[in-house]
Amino acid sequence: MPDTLAQALAWGRAELARAGVGSPDADAALLAAHVLGLSRGDTEARAILGAPEPTGYRDLVRRRAGREPLQHITGTAPFRQLDLAVGPGVFVPRPETELLVQLALDHAHAWREAGELHPAVIDLGTGSGAIALAVATEDPACRVTAVERDPAALEWTRRNLAGTAVRLLECDYRDVTPEAAGRFRVVVTNPPYVPDREIPEDPEVRDYDPPTALYGGDGAGMRLPCAAMDTALRVLRPGGSFIMEHAEAQVHLVAHALAERGFRDVELHHDLTGRPRATTAVLAGTRT
């Protein structure tokens, strides 16, 4: 007699726990929901009512037990109000990065309060397009540009941004064209910032996230974050806002690098777990 959905979920939770997956209960349920084409809540309700195990469920659990990212298996990653298409070749957006979206929205709102009806926002190194698309979706008055150069990531960027109002520049964010100089009110970025010698322990990150989206280019992980600051210097209008995610260990390095470049009002922000996650700063000069 085939197993019930409830029995399959119990097996899935046990398999994922044995494999060291950090959220076995949630992942077991979400994999079943993916197979069934239902929400997690509806899936768990069906399990209570004695529904049968869906075909193919155990194969997906085994893939996840091999530490393939859940988002690669389901093909989507939730991010604020979005469900983004993701897979091999693109960095999977993390919940903690949602803080950058809120900061960008807050700074764009401040510009609108100052009389800028359609503040221009640029996302440097957009990857899946998560930050850019979230800002454009939640504040359609913003004029949002996304920048990405990696060919593998661009396949996902184009898919997520297709049919939206977000403008995509396919180039290295260090080479944003001179025509963009002084155009933007807000620069937001989640650059690669892992120090080159600090290999992540989690297999999902170490083995599946593209190295070009992880490593910051030197022993402190600061070469590419500093490059993002330099681009911000070129593309921001005076008084414009710079918003960047970084590691806990980089808090003082980031603040020092921003001050060296003439940014003011440098402020540290913590994510929902209480960790220092992002820094904002303002380009010196009077808002125009």
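This is a predicted model: local features need pLDDT of at least 70, side-chain atom pairs count only at pLDDT 80 or more; totals for chains, interfaces and linings use all residues.
A disulfide is a pair of cysteine sulfur atoms within 2.5 Å. With that in mind, the structure holds 0 disulfides. Cysteine 171 takes part in none, and the nearest cysteine sulfur, that of cysteine 226, is 19 Å away.

Residues are numbered from 1 along each chain as its sequence is written, and side-chain values use heavy atoms, with hydrogens and water left out.

## Rings and a charge

Let us turn to the aromatic side chains. The structure holds 1 aromatic pair. Its partners are phenylalanine 242 and phenylalanine 263, whose rings are tilted, with 5.7 Å centre to centre and 40° between the planes. For such a pair, rings of Phe, Tyr and Trp (its six-membered ring) need centres within 6.5 Å; planes under 30 degrees apart count as stacked, over 60 as edge-to-face and the rest as tilted.

Where do the two partners lie? Phenylalanine 242 lies in strand S7 (residues 236-245) and phenylalanine 263 in strand S8 (residues 263-270), so the pair ties together parts that are 21 residues apart in sequence. Helices (H or I, at least four residues) and strands (E, at least two) are DSSP runs, numbered from the N terminus. Phenylalanine 242 is buried, at a relative accessible area of 0%, and phenylalanine 263 is buried too, at 5%.

The charged end of arginine 58 sits over the ring of tryptophan 11, 4.5 Å from its centre. A charge sits over a ring if NZ of Lys or CZ of Arg is within 6 Å of the ring centre and within 35 degrees of the ring normal.

## Two crossing helices

Next, look at helix H2 (residues 24-36) and helix H4 (residues 57-65), whose axes come within 10 Å and cross at roughly 135°. That angle makes H2 oblique to H4. Axes are lines fitted to C-alpha atoms, for helices over the stretch in contact, and angles run from 0 to 180 degrees between N-to-C directions. Angles under 35 degrees count as roughly parallel, over 145 as roughly antiparallel, 65 to 115 as roughly perpendicular and the rest as oblique.

Is the crossing of H2 and H4 left-handed or right-handed? The crossing is right-handed. A crossing is left-handed if the near helix is turned anticlockwise from the far one by less than a right angle, and right-handed if clockwise.

## Two arginines in loops

Arginine 67 has a positive phi of about 75° although it is not a glycine. You will find arginine 67 in the loop between H4 and helix H5 (70-74), where it is buried at a relative accessible area of 15%. Arginine 80 also has a positive phi, of about 50°, and is not a glycine either. Its place is in the loop between strand S1 (76-79) and strand S2 (82-85). Arginine 80 is partly exposed, with a relative accessible area of 27%.

## Separations along the chain and in space

The table sets sequence separation beside C-alpha to C-alpha distance for some residue pairs.

| Pair | Apart in sequence | Apart in space |
|---|---|---|
| Alanine 10 and threonine 97 | 87 residues | 32 Å |
| Glycine 221 and alanine 146 | 75 residues | 23 Å |
| Arginine 18 and alanine 65 | 47 residues | 8.1 Å |

Here is some background on the residue named at the start of each row. Alanine 10 is found in helix H1 (residues 5-18) and counts as partly exposed at 37% relative accessibility. Arginine 18 lies in helix H1 and is exposed, at 61% relative accessibility. Glycine 22 is in the loop between H1 and H2, and with a relative accessible area of 76% it is exposed. Glycine 221 is in the loop between helix H9 (203-206) and helix H10 (223-235), and it is buried at 0% relative accessible area.

How values were computed:
Buried means under 20% relative accessible area, exposed over 50%, partly exposed in between (1.4 Å probe, protein chains only).
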